[in-house]
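Student: I would like a close look at a single part of this model. Please take it slowly and keep to what can be read from the coordinates.

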Amino acid sequence: MSFTREFCTFTREFLHFTREFGAFTREFGSFTREFGVLLENSGHLLAGTYFPPQKKKEAP
């Protein structure tokens, strides 16, 4: 009986850890994407080929 209880506790903790690790991985992926965009824009700035997004002109 004790083994089963310990195993269930371990499984519950492991699933909680997996959920938390998944959330961390998503956040890290988001950060990595943003950092990549920043590096790309910096490279364009250094090369003089960066053109900021233009605001669309409204039709009169």
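Student: How many residues does helix 1 have, and how far does helix 1 reach from its first C-alpha to its last?

Tutor: The model is predicted, so the values below describe a prediction. Helix 1 has 46 residues and reaches 66 Å from its first C-alpha to its last. That span is close to the 68 Å expected at 1.5 Å a residue. The secondary structure of the chain comes to 1 helix and 0 strands, and helix 1 covers residues 2-47. Just after helix 1, Gly 48 takes a positive phi of about 75°.

Next, the surface. The chain has 60 residues, and 0% of them count as buried.

Now the aromatic side chains. Searching the whole structure gives 7 aromatic pairs. One of them joins Phe 10 and Phe 14, whose rings are stacked, 6.1 Å centre to centre with 20° between the planes. Phe 10 and Phe 14 are separated by about one helical turn because they lie 4 residues apart in helix 1. Phe 10 has a relative accessible area of 52% and is therefore exposed, the cut-off for exposed being over 50%. Phe 14, at 46% relative accessibility, counts as partly exposed.

Another stacked pair is made by Phe 24 and Phe 28, with 6.0 Å centre to centre and 20° between the planes. Here too the spacing along the helix can be stated: Phe 24 and Phe 28 are 4 residues apart in helix 1, so about one helical turn separates them. Phe 24 counts as exposed at 52% relative accessibility, whereas Phe 28 counts as partly exposed at 48%.

Phe 24 and Phe 28 also belong to an aromatic cluster, which they form together with Phe 17, Phe 21, Phe 31 and Phe 35.

Methods: Residues numbered from 1 in each chain as written. Predicted model: local features only at pLDDT ≥ 70, side-chain atom pairs only at ≥ 80, totals over all residues. Heavy atoms only, no water. Helix = DSSP H or I, 4+ residues; strand = E, 2+ residues; numbered from the N terminus. Buried < 20%, exposed > 50% of the residue type's maximum accessible area, 1.4 Å probe, protein only. Phe/Tyr/Trp six-rings, centres within 6.5 Å; stacked < 30°, edge-to-face > 60°. Expected span 1.5 Å × (residues − 1).
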